[in-house]
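These notebook entries record what I looked up in one structure.

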Amino acid sequence: MARTIAKDHDQKRKQILKRAAKIFADQGFDRASMTLLAKECGISKANIYHYYDGKDAILYDILETYLRELRDRICNVDLSGLNPEEKLRKAVREILFAYQGADDEHRVQISGMNALADERQKKLREYQLEMVGFIREILRELSPETLGDDKAKLRGATMSVFGMLNWYYMWNTGAGTQAREDYADLVCTLTIHGIRKL
C-alpha cells in the first residue's frame, strides 16, 4: 500500500528548501551533507530522505522553484500602455523586488548550478534565458537605432543590466523597498543614457 502524504508535506518541503539554500550558500554545495542538512532542518536523516533522495535533488528543487517563480513574476509583469523607458523602469524594479528575501537562493544559483547534471542545468538556463529575452526586447524597443541590428551591443547592454542587478545583494544586504526603488532608478538612468550614447 502506498504511503500517504502528510497534510503539511508541501510546507515542510518549503522549509527544507529554505534552510538548505542557506546552508548551500554559506558552506557550499560540496561541503554540505544530508546529515548536516537534516540536522539544520530539525528533522531526522530518515525523514529528509522521505522528501528527497539526495542533496542533488534538493539543489535542483531549490533552483527550479526559485527560477521558475522568478521567471513567472518578471515575464508576466504588466507593461501595457507604457513607453519603452517606463517599461524598463517597471521591469527592473520588479526584478529587484523579486530578489528581495531570496539572497541565499540567488547565491546558490550563482555558485551551485554547475553541480547539477547537464539536462537539469539546461532546464534552469531556459528560465534564465526567458528573463534575459524579456529585458533584451525592452532595450531593443528603447533604442532601436543603436541596438536593433547590432546583436553584440544588444547582448552587452542586456547583460550589463543583469550584472548591475545580480550582485546588488553583495553590498546592500537586507535592502528595503525604498532602497531597491532608488537603485532600480539608478540602473535604469545609467542604462537609458548609456544606450543612447552608443
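**Entry 1: salt bridges.** I took a salt bridge to be a side-chain nitrogen of Lys or Arg within 4 Å of a carboxyl oxygen of Asp or Glu. The model I searched is predicted.

**Entry 2: aspartate 61 and arginine 13.** I looked up the pair formed by aspartate 61 and arginine 13 and found a salt bridge whose closest N and O atoms are 2.9 Å apart. Aspartate 61 belongs to helix α4 (residues 55-75) and arginine 13 to helix α1 (residues 9-27), so the contact ties together parts that are 48 residues apart in sequence.

**Entry 3: glutamate 40 and arginine 19.** Here I found a salt bridge between glutamate 40 and arginine 19, with the closest N and O atoms 2.8 Å apart. This pair also links distant parts of the chain, since glutamate 40 sits in helix α2 (residues 34-41) and arginine 19 in helix α1, 21 residues apart. I recorded glutamate 40 as partly exposed, at a relative accessible area of 32%. Arginine 19 is likewise partly exposed, at 31%.

**Entry 4: arginine 71 and glutamate 130.** I next noted that the side chains of arginine 71 and glutamate 130 meet in a salt bridge of 2.9 Å, N to O. Arginine 71 lies in helix α4 and glutamate 130 in helix α7 (residues 118-142), so that distant parts of the chain, 59 residues apart, are linked. For arginine 71 I read a relative accessibility of 14%, which counts as buried. Glutamate 130 is partly exposed, with a relative accessible area of 38%.

**Entry 5: cavities.** I searched the whole structure and found 1 cavity of 30 Å³ or more. The volume of the largest cavity is about 60 Å³. I read its lining as Leu96, Tyr99, Ala102, Asp103, His106, Leu165, Asn166, Tyr168, Tyr169 and Arg180. At least two residues of this lining come from each of α5 (84-99), α6 (103-112), α9 (151-166) and α10 (168-171). By class, I noted 6 nonpolar, 2 polar and 2 charged residues in the lining of the largest cavity.

Terms used
Residues numbered from 1 in each chain as written. Predicted model: local features only at pLDDT ≥ 70, side-chain atom pairs only at ≥ 80, totals over all residues. Heavy atoms only, no water. Helix = DSSP H or I, 4+ residues; strand = E, 2+ residues; numbered from the N terminus. Buried < 20%, exposed > 50% of the residue type's maximum accessible area, 1.4 Å probe, protein only. 1 Å grid on protein atoms, 1.4 Å probe; cavity = no way out; pocket = protein on both sides within 12 Å on 5 of 7 lines; lining within 4 Å. Points joined across faces, edges and corners; volume = space filled by probe spheres on them. Nonpolar A, V, L, I, M, F, W, Y, C, P; charged D, E, K, R; others polar.
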